Amino acid sequence: MRRRGFLVRLMVVGLVLVTAPMPGAPPSGLAAQAVCPYCGAPLEPGAAFCGRCGHKIEGGSAPAAQGSPDRRRAVVQVVTVHDSELTSTYASLVYESKLRIDSILGSAFAIAPGEFVTDSGLLVGSKEVSLRTSTGRTVTATIIGSDPMIGVALLRADLKDVAPLSVREDEPPRTGENLDALGFSSGLGAGGEPVVSSGIVSGLHRGNAGIHPIEDYLQTDASLPRGLAGGPMVDPRGRVVGMSTGLVYGSRVDLGQSGIGYAVPAEWISRALAWIRSGAAPRAWMGAYAVPADPENRVRFKLAQDVKLVIDQIFPGSPAVAAGLKRGDGLVRVQDEEISTLPGVQRRLLSMKAGEAVSMDVMRGGEILHISTTLSPRPERPRLSGIDALRFFGSLEVAPKDDDNLVVTSVAPGSEVAHFKVGPGDVLQSVLSKKDWLHGAKDNSRCRSVHTVADLEARLETAYSDLDFCLALRFKSKDGTKRELPLCQILSPTGAL
């Protein structure tokens with residue numbers, strides 16, 4: 001009964017992570033009425049100005065709808081079909097089965113005749129991809145390329161009559177400016193008409209959403225119904241300022257909370273498309289995962305106030321190891337460029353190739369060190385084991401004590417671990433993980449005790465699958481209270497530098 005109750009709680013936590021009701025409903029249809037030639041908004045008969053974008057209507061009257069461009073016609077529905085069963089540790093623990101994905105619904109928009117941009121997460125593991133227009137025409141699409149780091153994919157389809165949208169690259173988005181999110185709501189399945197959800201740019205340079213490795217998002221208060229992932233966000237003149245994005249888990253796509261949606265900015269869309277069209281050569285990395293510096297880690301690692309990023313994890317066998325980088329090093333400069341934000345460093349490294357030398361200044365123990373290393377090709381899904389994995393996925397640190405115990409030494413404030421009231425001094429007693437992928441049978445997951453780092457590394461080997469990293473930890477506090485902590489995360493290319 002205890003294991004059953006725990007798995008139920010694990011299932012609830014997992015569902016909270018990957019599902020959320022999305023508001024919004026499709027409009028009543030695309031009625032034949034006059035629309036603004038710039039933003040596509042409906043116009044009152046005889047209107048001299050558009051009520052949404054303020055554009056002056058030539059001649060003092062609204063143009064006829066049949067001759068007017070409509071931004072919605074540049075948007076198509078994406079339907080991906082999967083026939084393979086992806087292994088999922090979460091599905092194994094909760095449902096004692098593999099994870100089957102039948103299809104995923106999303107949106108895309110024309111960027112050139114016959115070429116369409118969409119969210120790369122929609123295409124992972126797909127066998128077939130098709131695009132459906134607002135008129136009901138459906139054609140097969142081919143994947144020209146996908147950039148999982150930024151979250152952008154480029155498709156080709158025989159839909160050259162779909163007018164492309166222009167991308168606004170010359171004018172950065174501004175907080176408070178109006179925008180419309182376009183796409184196909186998947187609430188009723190495939191089909192229907194594209195929807196328009198209006199809002200404003202409510203934030204810039206947003207991150208820590210856990211969607212894609214590189215996160216420098218626009219934030220909007222526009223409602224994003226499920227199905228709009230991959231659809232464009234356009235300004236009042238119909239220019240693309242971003243692409244709606246969401247977390248894809250199986251056949252579910254989470255586009256955020258009500259009033260908080262995210263979009264990959266036009267600048268990053270263009271950067272991804274340039275990489276795809278240039279041949280998508282393997283990206284370079286140095287294998288160091290950095291996090292924003294805060295008062296706690298500045299004090300802990302003796303970092304100056306102007307240090308903005310601190311190394312939190314070094315991946316085994318990476319150039320960072322060869323260079324002698326250590327956890328707690330503060331990044332000051334990379335290639336003689338002052339460090340201010342994580343996306344800024346990522347943008348700098350994206351312009352470099354494997355085999356090139358990178359130089360950096362780091363602060364360690366209050367002193368500045370000059371370090372250089374040679375970048376190597378970025379691995380698709382680098383793995384961590386043991387204590388490193390708990391720190392990376394769980395935001396907690398454990399250390400051996402008395403040769404037969406692993407004890408929590410620190411917990412990141414505000415983390416999920418802290419929410420479950422796990423704290424320093426608690427003893428890690430056991431791990432619930434998948435027992436054996438090759439001999440999958442009923443009741444093939446169980447809790448196993450851990451006493452040493454070697455025990456922990458062995459248990460965590462089975463936490464990885466095709467799709468995710470998932471396990472559960474059981475702790476015992478000093479007063480005897482037992483606590484259970486589930487850790488689940490979708491695997492993707494890491495955001496490590």
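Q: Let's start with R333. How exposed is R333?
A: This is a predicted model. In it, R333 is partly exposed, with a relative accessible area of 28%.

Q: What does the R333 side chain meet in a salt bridge?
A: E338. The N to O distance is 3.2 Å.

Q: How many salt bridges does the count come to?
A: The count is 20 salt bridges. One of them joins R277 and E115, with the closest N and O atoms 2.4 Å apart.

Q: Which parts does the R277 and E115 pair tie together?
A: R277 lies in helix α3 (residues 266–277) and E115 in strand β5 (residues 115–119), so the pair links parts 162 residues apart in sequence. R277 is partly exposed at 48% relative accessible area. E115 is buried at 16%.

Q: And R391 with D388, what separates them?
A: About one helical turn, as they sit 3 residues apart in helix α7 (residues 386–394). R391 is buried, at 13% relative accessibility. D388 is partly exposed, at 25%.

Q: Which residues do salt bridges with shared partners join into one network?
A: R168, E171, R174, E177, D235 and R239.

Q: Switching to strands. Is β16 mostly covered or exposed?
A: Mostly covered: 5 of its 5 residues, 261–265, are buried.

Q: What pairs with β16?
A: Strand β11 (residues 217–220) runs antiparallel to β16, joined by 3 bridges. T220 partners G261 there. Strand β13 (residues 240–245) is also antiparallel to β16, with 4 bridges. Here G242 partners P265.

Q: Last topic, cysteines. How many disulfides?
A: The search of the whole structure finds 0. C470 is buried at 0% relative accessibility, and C488 is partly exposed at 27%.

Methods: Residues numbered from 1 in each chain as written. Predicted model: local features only at pLDDT ≥ 70, side-chain atom pairs only at ≥ 80, totals over all residues. Heavy atoms only, no water. Disulfide = S-S within 2.5 Å. Buried < 20%, exposed > 50% of the residue type's maximum accessible area, 1.4 Å probe, protein only. Helix = DSSP H or I, 4+ residues; strand = E, 2+ residues; numbered from the N terminus. Pairing = 2+ DSSP bridges. Salt bridge = Lys/Arg side-chain N within 4 Å of Asp/Glu carboxyl O.
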